[in-house]
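Hi everyone, thanks for making time.

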Amino acid sequence: MLTIRLQGHEHFYPLCDVVRLLTGVIPKVEDGEIHVDIEETAGIVSCLSDRKAMTYIEDGFAELKEGRSRECDCEGDRTSEGLPVSREIKRQLYFLLCDALAKELPWGALTGIRPTQVAREVSCEEDLSQIYGVRPDKAKLAFLTKVGEDEVLKESEPDSLHIYIGIPFCPSRCSYCSFVAQEAPRKTGLLPSYVDAVLKEIDLVLPKIDQKIETLYIGGGTPTVLDEELFEKFINGVFSHDAFRNLREVTVEAGRADTITEKKLQTLRKAGITRICINPQTLCDATLTRIGRHHSAADFIRAYTMARSMGFSVINTDLIAGLPGESAEEFCDSLKQIIDLEPENITVHSLSKKRRSDLSREEIVKFEAEELSKMETMLSFAFSALTEAGYAPYYLYKQKDTLGGHENVGYQKGDTSCIYNVAMMGDQRSVLSFGAGGMSKRVFHDDASDAGQVRVERCSCIKDAIQYIQNVESMAGKKISFFES
Ligand code: SF4
């Protein structure tokens, strides 16, 4: 058992992130200590005072000859080097455990979800590697992506508002999914009421909003899971609002190929929409079956070709690296096929091993040990193949439980970045979400720190679709108050 005793601070969760990623074990927090169920018996102390942050090995890790403690001077909530103390504490524990466990992470001590924000605070890639232990290839990716993100943000008004509308239903549940999405076939009776509720929420809230709306993103789940008639009612209802006409960008996720029909694409085109996402995740049929997606690679190609022929000018396709049982060759082959189709955006996700998914803890651990090096091969192939094909990374985020602590990266070609993705993932613009489970947020640029860190407030919405339908008026009221305050 590894025990980490905290003294003078309560930054449990950043430290737990470091431990979980380095050991693969989910730590427990009890009585001011973090307990990690590993074979070795060891104790570490993480202390913080006004003047000093210090992490040291109290007992165990006997064979460790060097790096027994890490420390630095502090001034208030910053170190003398200017880092936030919470990040310094995490950094110290990371390097100490790296020495003790003879292990490193690709993103080093950057266990948070937005490494490009930290890249903004340092002057070069080398600093990212030296200060945080970020591997040089990831430091390069962070810097390239930061440039892409900055280009998008430069063209976006800081006070602009970005709208998300969520349809949290899918035709079947993918085995790796941890999202609140529910299987639509079991909920068919619910879908019309859900659409009515979302349209009602929009009707109630939108007239009360003053901010200029820049983008609209309709996501899920899978919005195209609605049948043709209901989908048309939904899209027409949304675009009956003047506020949604002439936006800089409108994106609709038509995620699963088995939900896409010519009539639904016509509905989108009639509403003036030219940007959609069709997400195969892999073009290997055996993997698609294994992960519970009821469509084939051929279904994806059919849907993609149809969308292209109907005038959708920006198509995003998502792939996932590290899907259960998929070889590096199969992933690379899928990516090559996708690149040959020339979509404007390609997003490469790293598989997230969330506990809420259908994968068991045993499967996750076994699968992690087996799959990590394959994952490395897949992601480095993706970066090389995409950049050689003229794509550039433009947004990047990490999820908490991603295999190996790897990242998700959006690549774009020819200035086709999705503004919403950058605004939303970077916590740089305010977002108003409609629908069950959506998170609205307000970003306050006036309160930005010297390092450019903005203040963000969040407002959640009920996740359960039935409760959302029953409480839509109070949800609308909550969002109106949130944006008025
Ligand atoms: S399509 Fe996406 S949201 Fe739906 S079940 Fe699969 S992973 Fe989850």
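Okay, one term before we start: when I give domain bounds, they come from an automatic or database domain assignment. And keep in mind that this is a predicted model.

So, where are the domains? The assignment gives domain 1 as residues 2–103 and domain 2 as residues 155–479. If you take the centres over the C-alpha atoms, domain 1 and domain 2 sit 36 Å apart.

Now, how do these two meet? On the domain 1 side, seven residues are in contact with seven residues of domain 2. Together the two domains bury about 620 Å², and 41% of that is on carbon and sulfur atoms. Which residues of domain 1 supply the most? Arg20, Leu21 and Ile26 give 63% of the area that domain 1 buries against domain 2, more than any other three residues. If you look for secondary structure there, helix α1, residues 12–23, provides the largest share of the side of domain 1 that touches domain 2, with three residues. By class, that side of domain 1 has three nonpolar residues, one polar and three charged.

Let's move on to the ligand. What surrounds it? There are 11 residues around the ligand, and the closest are Cys170, Cys174, Tyr176, Cys177 and Arg256. Sorted by class, the shell holds six nonpolar, two polar and three charged residues.

The peptide bond from Gly220 to Gly221 is cis, with omega near 15°. Gly221 itself is in the loop between β11 (213–220) and α7 (228–238).

Then have a look at Glu342, in the loop between α11 (328–341) and β15 (345–350). Its phi is near 60°, which is a positive value in a residue other than glycine. Asp427 has a positive phi too, near 55°, and it isn't glycine either. You'll find Asp427 in the loop between α13 (419–425) and β18 (430–434).

That's my tour, so over to you for questions.

Note on methods. Residues numbered from 1 in each chain as written. Predicted model: local features only at pLDDT ≥ 70, side-chain atom pairs only at ≥ 80, totals over all residues. Heavy atoms only, no water. Near = heavy atom within 4 Å. Nonpolar A, V, L, I, M, F, W, Y, C, P; charged D, E, K, R; others polar. Contact = heavy atoms within 4.5 Å. Buried area = accessible area lost by both parts, 1.4 Å probe. Helix = DSSP H or I, 4+ residues; strand = E, 2+ residues; numbered from the N terminus.
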